[in-house]
Amino acid sequence: MAQTRMADVGRFAWFPSSKVTKWFVVVFWLAILAAAFSPAGKLQGVLNNEAVAWLPADAQSTQVVKQIEAFQSKNEFPAVIVYERPAGVTQEDQQAVAAQVAKFNALDPVKSETVGPIPSQDGKALQVIVPVDAGEGGWDTLGATVKDLRAVADQRPDGLSMHVTGPVGYAADSSEAFSGIDGKLLYSAMAVVIVILLLTYRSPVLWLIPVISAGTALFVAQAVIYFLAKDDTLTVNAQSSGILTVIVFGAGTDYALLLVARYREELRRHEDRHEAMAFALHRAGPAILASGATVIAGMLCLLFATMNSTKGLGPVAAIGVAVGLLVMLTLLPALLVVCGRWIFWPVRPTYGSVDHTRDGFWAGIGRRIAKAPRRTWVVTSLLLAIASLGILQLNATGLENKDVYYGTPDSIVGEQVVARHFPAGTGSPVMVLANADKAASVKTKLETVKGVSTVADPVTKGGRSLIMATLTDAPDSDAATATVDRIRDDIAAIPGANAIAGGDTATRADTLRASADDNVRIIPLILGVVLLILILLLRALTAPLILVATVVLSYGAAMGLSALIFRHVLGFAGADSSLPLFVFVFLVALGIDYNIFLMTRVHEEAKEIGTRRGALVGLAATGGVITSAGLVLAGTFAVLGTLPVVTFAEIGIAVALGVLLDTLVVRSVLVTALNLDVRGRMWWPSALAKRDPELDRATPAAEETEGAELQPAH
């Protein structure tokens, strides 16, 4: 009998399920977790948050950073310290600030001479530019340096305000905003998952198994990524590190929900829990594996991005999902069979008990849809298309510094003070590198460019010259970006100059263009990969094409509604240029999970009872688990809003909203209605498309529409 069961379900399904090997699986993962615990905790120490690490290598701003080492350390950034007295700066103020300059120069990270104090023309402000060398620690060390600068500047006359802005000030505020990001997201995601699992399982203990499994997956994934980042094989920043936590908990718990739901079904059909788990893995495992493979493939499409930050996110997320998939298909089932049926207390699925999903909420929804499937999918599609029109309100052209955070950090206040009293681009000049013999011509040309305030004399070393140009507009503004474009066009026209322009404003311009290019390149690629996987999984063409169309419609509706919320409810000034791509990746790659969960079950049932009735059984059997999975994923992405960073909040809101639309409307209503209307043609050109009409005729329509029992085929 045991050999027959082994042949029925396959060796893989039996390995974590059997009475003996389940213990090997548990011990194996305990050993892996113990080994991963220390390196996982070191991941934050190898994050690379430098701006140039986000850009493509061939961007002019990146090239400037590489070539500027002849003139200054590539890790040197200006801290702009601005002092203001609205009634006018006094002689005492000037003397106090001058004394502070000597103390700034004495600080260890200050390797070059401080510039200033520079008085404003209106006599109401002073400016000091402190060149700070971040050293090998990079941007993460600048927060401590700013604290030292403020400690020195605190000794000043009463009534004289002081703010630290410029690149160093922005970096310090960014470091504070992302401080403890992994811990915040981990605990927030855990809290969301625990609450939803408690509501889903109605058990005070069952939730522990998925949470322990997801936590194991996260620590192991972080350890793997740490070693890759440590050896510079992979570029990991705060953004990808934070998203890793969310995606492992979200996707991992989704897979756990699907497996536990199928295991509960099988416990009612099999007296032995080990046998029940083997059959659950045999039947749910392919769907989970296909879902995980789709997410991994979608994330790896990001490797074709030009933005290094986007390119780095792909393998980080793929590793997280791959580890989560492995854990949920091995450790989770092993833990469940080790614990036994009591883990479901107080509602234990006993052998031979009734499965109430067949007459539950989603079964009722299915019967209502079956009365008018075509009208249902047409009306639903129209409503989603109308919601998609809101995308016209999405201003995904990048955020200015003042719009990046909730509230107004000190660096933004300082930027506003600088703009009131000095050329707005002070402290963040455009850095132009040119051949030394053409430096004078380049300087002359720069002085004629509209939007340039002042141009410094060239500094020449090794045949190349560095020329600093201060802009009249704030460095993060659209006007400044337009000025950089004019600068690049004009200096490129100087024969033999080989001139390139970099700096903060140039970095912003290159980021916007690279992100727009990635949107055009990556989105069609992901759609193609998802379509191919669905074709292989369902062995059909019609169903995959329809499902991909629903995914695109769902994405459009989510982005449209999100854009309206961003602008008219939350009052955000705009959106990061990478938002459309990131939301698309997460919604399509993760949202396709629910397509796969539903359609593999419909396909399974359609072989025995026809597509029409199989669609109703599939919805009744998976509607609850898909809804729970969607709530988990939406909740985990929503925790990104706990960070005081607008970009993260926008990603979290858009993905959470999209997932809810996907699970509650698109997957459960739209796809079910399409299944009921298209019927066997969904499986064209497979043999099932020809057999399906006969299966449907064997099932009276009254049974489907009048509430007859939705008895699964298995």
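**Rings and backbone**

Modeller: Phe 586 has a relative accessibility of 1%, so it counts as buried (buried is under 20% relative accessible area, exposed over 50%, partly exposed in between, using a 1.4 Å probe and protein chains only). Keep in mind that this is a predicted model, where local features need pLDDT of at least 70, side-chain atom pairs count only at pLDDT 80 or more, and totals for chains, interfaces and linings use all residues. Residues are numbered from 1 along each chain as its sequence is written, and side-chain values use heavy atoms, with hydrogens and water left out.

Colleague: OK, how many aromatic pairs does a search of the whole structure find?

Modeller: It finds 10 aromatic pairs. Rings of Phe, Tyr and Trp (its six-membered ring) pair if their centres lie within 6.5 Å; planes under 30 degrees apart count as stacked, over 60 as edge-to-face and the rest as tilted. Take Phe 582 and Phe 586: the ring centres are 6.5 Å apart and the planes sit at 45°, so that pair is tilted.

Colleague: And where are Phe 582 and Phe 586 in helix H20?

Modeller: They are four residues apart in H20 (residues 579–609), so about one helical turn separates them. Helices (H or I, at least four residues) and strands (E, at least two) are DSSP runs, numbered from the N terminus.

Colleague: Which aromatic pair does Phe 637 form?

Modeller: Phe 637 pairs with Phe 586, again tilted, at 5.2 Å centre to centre and 50° between the planes. Phe 586 is in H20 while Phe 637 is in H21 (residues 611–638), so this pair ties together parts 51 residues apart in sequence.

Colleague: Is Phe 637 buried or exposed?

Modeller: Phe 637 is buried, because its relative accessibility is 0%. Ring pairs link Phe 582, Phe 586 and Phe 637 into a cluster.

Colleague: Switching to the backbone, what's the peptide bond from Trp 684 to Pro 685 like?

Modeller: That bond is cis, with omega near 10°. Pro 685 belongs to the loop between helix H22 (646–678) and helix H23 (687–697). For context, most peptide bonds are trans, and most residues other than glycine have a negative phi.

Colleague: So which residue in that loop has a positive phi although it is not a glycine?

Modeller: Arg 679, with phi about 55°. Arg 679 is partly exposed, at 34% relative accessible area.

Colleague: And what about Asn 498?

Modeller: Asn 498 has a positive phi too, near 50°. Asn 498 is in the loop between helix H17 (478–492) and strand E9 (500–502), and it counts as exposed at 53% relative accessibility.
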